[in-house]
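Dear colleague,

Please find the structure below, followed by a short account of what was found in it.

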Amino acid sequence: MGDISCSNGISNANGVHGKELPLNGYRKSCWYEEEIEENLRWSFALNSILHTGATQYQDIALLDTKPFGKALVIDGKLQSAETDEFIYHESLVHPALLHHSNPKTIFIMGGGEGSTAREILRHKTVEKVIMCDIDEEVVDFCKSYLIVNREAFCDPRLDLIINDARAELESREEAYDVIIGDLADPIEGGPCYKLYTKSFYEFTVKPRLNQGGIFVTQAGPAGIFSHTEVFSCIYNTLRQVFKYVVPYSAHIPSFADTWGWVMASDSPFVLNADELDLRMKHKIKGENRYLDGKTFSSASTLSKAVRNSLDNETHVYTEGTARFIYGHGSAYKNNHG
């Protein structure tokens, strides 16, 4: 859960050990705090709270943070931050689009902030992008506040649909070269956990992929201790549906953890680092800030402990046996002076 608190920086007017403290250093400060685990919290200072509100589906806040710039918080969970969102979005988008020989049509599940569409639209082969997000208010909010993505929202190749991603995919007859899951984390009581299930992958996603198509999804925390929350079982679930499945991860400073993605297809992933770099040079407009061939090779080489966990994972994600990341998706404001 996310907690925005304000204080004057002095918890006891009598000072420490009964000694009075001088007040010439007095200043009011605000902090954002998120409970990552039961006994572990992540906190950083704020310049200001730019916006807070609630939509039909979720709570939303835009914070101006001191270490990470503008940060988008949904249901008490940090979604992206200005200074390092490029790590997440380059990692989510480019491996799948580069491994596909000629990606023309892309379907994004979620992605309301526009950053995933921005990265996809840098690919010269892309002709059409469907971005399907359930929450119109969040999309409108991001259009207004996240200036970096305004060009993407105006691109004529982007078709923005407000709907449930499952319902939208099931209602469409066309297939796609790449389908991207840029969904909120599977949180207990949240709207997205059903879109991480075996039945959804098998009966909704896979039939909507063209021959040689690729599916990729964000897959939650992938740290040495946190990867067993959902990352390992999302990986194992996709192994039940697709022939070739590649898990990979990267450290994202504002998330205070390593984050995971899983890429899947019935066609093998055969490109090496040099071949990926060559495709980037010819197929992507502009330079990536984070991802290149060697970076992806490193990202897809998981640590021994995580590899062992994934190899031995038996849990399959279903609606009846869902796993969730820590937290309950509630954001609240608590003012202390």
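Which residues in helix 7 meet which residues in helix 10? In this predicted model, local features need pLDDT of at least 70 and side-chain atom pairs count only at pLDDT 80 or more, while totals for chains, interfaces and linings use all residues. Residues are numbered from 1 along each chain as its sequence is written, and side-chain values use heavy atoms, without hydrogens or water.

On the helix 7 side the residues are F231, S232, Y235 and R239, which meet V306, L310 and D311 of helix 10; contact means heavy atoms within 4.5 Å. By class, the residues of this contact are four nonpolar, one polar and two charged (Ala, Val, Leu, Ile, Met, Phe, Trp, Tyr, Cys and Pro count as nonpolar, Asp, Glu, Lys and Arg as charged, and the others, Gly among them, as polar). Helices are DSSP runs of H or I with at least four residues, and strands are runs of E with at least two, both numbered from the N terminus.

L271 lies in the loop between strand 13 and helix 8 (273-283). Beyond its neighbours within four places in sequence, L271 is in contact with L98, H99, L276 and R279. The crossing of helix 7 past helix 10 is right-handed, the near helix being turned clockwise from the far one by less than a right angle.
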